[in-house]
Amino acid sequence: MKVVVAKRVDEGAADTEEIRELARAAGYEVAAEVTQTRTEDPAFHVGKGKAGEIAAAVDRTGATKVVFDNRLGPYQTFNLGRKLPADTEVVDRFTLILEIFGQRARTRKAQLQVELAELRYELPRAEAKTSLAKRDERPGFMGLGEYDESREEDIKKQISNIRDELATIEETEQHRREQRRESGFDLVALAGYTNAGKSTLLRRLAEDVAVDENEALHPDLDATAESEDRLFTTLGTTTRRAELDRRDVLVTDTVGFISDLPHWLVESFKSTLDSVYRADLVLLVVDVSDPVEDIRDKLVTAHDTLYERNEAPIVTVLNKTDRVDDEELAEKRAALSALAPDPVAVSAMEGDGVDALRERIDRALPDRERERLVLPMTDDTMSVVSWIHDHATVEDVTYADEEVVVDFEARPRVVEQSRSKAGELVPEAESA
C-alpha cells in the first residue's frame, strides 16, 4: 500500500527519516513526502495551501493514506480529510505506531497494552465526534469513524477493564520475579531506543545457554529474541538465562523507546517497563553510530523515563562499534561522558567487547555474601547441599563421616534460606 508522508516543523529543515522507517515497519511503500516549515495551523496543522499540495501528491501517486510525523488533533484530521481524494485515510505518527504495535503483539499482555493505547487515543476523538455530530457535520470518514452517542462511555469502561486485567498480569509477573530472586537469579533488563540492537545483544549474552531447563519454573521465558534491522521487533518482553563466571542472571529485552511519545502511550505500556524498573541492573543500549546529538537526546529522554521509578544501577552500552572507527568512538565517549560515565563499548553483531560487558555486569550487580555452612550428616543433608548448588555459586564441598562443609556465594536472601535449612537438620543421635 502506498502512502504519502508529511511533516511540519516550526523552524529548520524537516527530517523525515524516522517517519519513513516507521511507515516501512508497518509494511507501507512511501510514494512521496511533503514538508513545511511554519507555525502550526489550527485548522489543518499545515497551511491550507500545503494541504492542497498533499492532496495533489495523493492524487499523483495513487496513495491511499497520508501519514503525518506530527500529532494531529481530531478536528485537524477531519479538516484534512475533506481536502483529500475520497477514501484517503489520514493518520498521525502515534496512530502509525499503534498500528505497528498491533501487528507485533503476540502475548496477551502486549495485546492488552496495544488495546489500551488505542482506546486512550480514541477517547478524545470520540468526544470530537460528539461535538461535530451536534453541529450536524457527521464525521463518518477520515479516521474519525461514525458517530455513536454511547461510544465515549464504552471506551472509558473498556479502559477500566483492561487496567484491571493488566494489574492482575503484573501481580503474576512480580511473583515470578520474586521466585527468580529466591532461586538465586539476578535480574538484568535491556533498555534503550528501538533499533539500538537490544535483541541482538540479548542473543549474544545468552547464545550458549538454552532456557528449556527453566521452562517449567519460568513459563514466560522465550527461547529466542528476534534481531532484525527494523523498528519494534520486540514489543513484549523476552527473557533468557545467561551464565556469568560467578552467578546466573536472567536478561530481559523490552520494548524500545521512541522519540516524542505522548504521555498516554507511555502510560499504556507502563507494565512492560516494570521489567526495567524492578531489575537489579539496567543496561541502557544506544546506537553509537548515530550522530552524537541524537545519542545525547536519546540518553536524556531514557534517563528521564528510567529515573522516574528505577532504583537499579544503570550501565550505558555503546553498541554497533563495528560501524564506527576508533577515533569516532573516542570522540563520542568524551562528548557523552556527563550522561554516560564509563560506558561499555560493544558490537553485539560481531561479539566485540561482550566479554568485557559480562565482567561489568558481574561487578555492577548487587554484592553477594560469602558463607560457610557446616551441615550435620542426616538423611536430608544431601537435599540441602543440592538446593545450595541450584541457588548459589558453590566454591567447595568437603565431606566427612559426620558432617558436610559447604563454601558458597549467593544473594543475601539465599544465604538466609540456606542457614534456615541447615538449622532444620537434626543429627541422628538427637532425633533418636
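How do the axes of helix H13 (residues 381–391) and helix H14 (residues 412–423) cross, and within what distance do they come? The legends below start with that pair, and every view shows a predicted model.

**View 1. Helices H13 and H14 side by side.** The axes of H13 and H14 come within 11 Å and cross at roughly 175°. Angles over 145 degrees count as roughly antiparallel, so H13 is roughly antiparallel to H14. On the H13 side, look for Val384, Trp387, Ile388 and His391, which make the contact with Val414, Gln417, Ser418 and Lys421 of H14.

**View 2. The whole protein, for orientation.** Let's step back for a moment. The protein has 15 helices and 13 strands. Of its 432 residues, 51% are buried. Among contacts with a separation of 6 or more, 73% are between residues 24 or more positions apart. The accessible surface comes to about 20,500 Å², and 43% of that surface belongs to carbon and sulfur atoms. A search of the whole structure finds 17 salt bridges, and the next views zoom in on some of them.

**View 3. A salt bridge between Glu18 and Arg93.** The closest N and O atoms of this pair are 3.1 Å apart. Glu18 sits in helix H1 (residues 17–25) and Arg93 in helix H4 (residues 93–104), so the pair links parts of the chain 75 residues apart. Glu18 counts as partly exposed, at 28% relative accessibility, whereas Arg93 counts as buried, at 3%. Both belong to a network of salt bridges that links Lys7, Glu18, Asp69 and Arg93.

**View 4. A salt bridge between Asp287 and Lys320.** Here the closest N and O atoms are 3.3 Å apart. Find Asp287 in strand S8 (residues 281–287), then Lys320 in the loop between strand S9 (314–319) and helix H11 (326–335). The two residues are 33 residues apart in the chain. Asp287 is buried, with a relative accessible area of 9%. Lys320 is buried too, with a relative accessible area of 10%.

View 5. Arg372 counts as exposed, at 54% relative accessibility, while Asp407 is buried, with a relative accessible area of 18%.

Conventions
Residues numbered from 1 in each chain as written. Predicted model: local features only at pLDDT ≥ 70, side-chain atom pairs only at ≥ 80, totals over all residues. Heavy atoms only, no water. Axes fitted to C-alpha atoms, helices over the stretch in contact; angles between N-to-C directions. Helix = DSSP H or I, 4+ residues; strand = E, 2+ residues; numbered from the N terminus. Parallel < 35°, antiparallel > 145°, perpendicular 65-115°, else oblique. Contact = heavy atoms within 4.5 Å. Buried < 20%, exposed > 50% of the residue type's maximum accessible area, 1.4 Å probe, protein only. Areas by Shrake-Rupley, 256 points an atom, 1.4 Å probe, with all protein chains shown as cover. Salt bridge = Lys/Arg side-chain N within 4 Å of Asp/Glu carboxyl O.
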